[in-house]
Amino acid sequence: MGSESEKGREEEEEEEEDIVCLDESFFVNDDYQLTTFTFGSNVLELYCLQSASTDFDLTGQLVWPGAMLMNGYLSDNADILQGCSVLEFGSGVGITGVLCSRFCRKVVFTDHNDEVLKILKKNIELHEHSSPSAELEAAKLEWGNTDHLGEILQKHSDGFDLILGADICFQQSSVPLLFDSVEQLLRIRGHGNCKFILAYVSRARQMDSAILKEGSQHGMLMNEVPGTRCTVGNLEGVIFEITLI
């Protein structure tokens with residue numbers, strides 16, 4: 001019996017030796033490069049990755065096709081930004097919010113991932129000097145998290161003129177939470193006084209249906225902006241303007 005027990009312990013020790021414990025930094029790529037983007041007459045420089053991290057949750061380190069679609073639309077229609085207050089969902093590296101800072105009086109960039117928030121804050125600091133009249137702020141916001149949203153609204157109790165989201169619909173399970181948060185923000189200002197601009201990129205038919213369904217269930221009108229449906233990064237993209245019914 002003793003020899004069998006010793007043999008069992010030896011096997012357990014061998015199994016433990018086979019377990020490789022990786023620090024979380026193994027999954028994080030922070031090789032950011034200063035990259036130039038041009039939207040009409042607006043030239044932006046931001047730090048971002050050229051390829052994705054191994055961690056799916058770090059998609060915000062890249063500039064995605066929907067952000068290019070959103071920024072092209074906003075650059076062509078900058079009058080809708082003039083003097084506005086804006087909150088952006090899923091800001092990532094901040095390319096859309098930085099463009100908005102050229103025209104808006106206030107931009108609140110948000111993301112749920114702490115690693116992404118680091119590079120987001122770095123890019124905000126990079127552009128604060130070029131937008132001295134705009135109030136720029138980065139905040140943690142996980143969709144559906146009432147505490148996170150509550151902290152933001154304590155500072156900005158009058159809400160926002162515009163809510164933005166560019167290429168943020170990846171996981172179907174997160175869509176109801178997104179629309180919960182959007183509805184809460186829209187209702188602060190009331191009907192007609194705030195709208196959600198969504199740059200949507202179609203990657204799955206189920207997701208196409210999901211966003212329309214959630215909009216309807218949350219009492220929202222999903223208006224496709226005429227002339228915005230186009231191909232972005234070999235995918236179909238479109239701009240929606242979303243308001244309370």
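Trainee: How many helices and strands are in the chain?
Mentor: This is a predicted model. Its chain has 245 residues, and buried residues make up 47% of them. The count of elements is 7 helices and 10 strands.

Trainee: What pLDDT does the chain average?
Mentor: Of the residues, 83% score at least 70. Over residues 16-27 the pLDDT is below 50, and this stretch has 6 contacts in the model beyond near neighbours in sequence. Residues 53-58 are also below 50, with 16 such contacts. The chain average is 87.

Trainee: Is asparagine 123 buried or exposed?
Mentor: Asparagine 123 lies in helix H4, residues 114-127. Leaving aside neighbours within four places in sequence, asparagine 123 is in contact with Leu46, Tyr47 and Val93. Its relative accessible area is 0%, and the cut-off is under 20%, so asparagine 123 is buried.

Trainee: What span should helix H6 have, and how far apart are its end C-alpha atoms?
Mentor: H6 covers residues 175-189, which is 15 residues.

Trainee: Which residues of H6 are buried?
Mentor: The cut-off for buried is under 20% relative accessible area. In H6, the residues that pass are Val175, Leu178, Phe179, Ser181, Val182, Glu183, Leu185 and Leu186.

Trainee: Which residue just after H6 takes a positive phi?
Mentor: Look at the position that follows the helix. Phi there is about 85°. The residue is glycine 190.

Trainee: At what angle do H6 and H7 pack?
Mentor: H7 covers residues 205-217, and the two axes are 10 Å apart. The crossing is right-handed. The angle is about 35°.

Trainee: Which residues make that contact, and how do they split by class?
Mentor: H6 gives Val175, Pro176 and Phe179. H7 gives Met207, Ala210, Ile211, Glu214 and Gly215.

Trainee: Is aspartate 167 buried or exposed?
Mentor: Aspartate 167 is found in the loop between strand S6 (162-166) and H6. Its phi is positive, about 55°, although it is not a glycine. Relative accessibility is 4%, so aspartate 167 counts as buried.

Trainee: What is the relative accessible area of glycine 233?
Mentor: Glycine 233 sits in the loop between strand S9 (230-232) and strand S10 (235-244). The cut-off for exposed is over 50%. Glycine 233 is exposed, at 55%.

Trainee: Is asparagine 234 buried or exposed?
Mentor: Asparagine 234 is found in the loop between S9 and S10. Its phi is near 65°, a positive value in a residue other than glycine. The relative accessible area is 78%, so asparagine 234 is exposed.

Terms used:
Residues numbered from 1 in each chain as written. Predicted model: local features only at pLDDT ≥ 70, side-chain atom pairs only at ≥ 80, totals over all residues. Heavy atoms only, no water. Helix = DSSP H or I, 4+ residues; strand = E, 2+ residues; numbered from the N terminus. Buried < 20%, exposed > 50% of the residue type's maximum accessible area, 1.4 Å probe, protein only. Contact = heavy atoms within 4.5 Å. Expected span 1.5 Å × (residues − 1). pLDDT = per-residue confidence, 0-100. Axes fitted to C-alpha atoms, helices over the stretch in contact; angles between N-to-C directions. Left-handed = near helix turned anticlockwise from the far one by under 90°.
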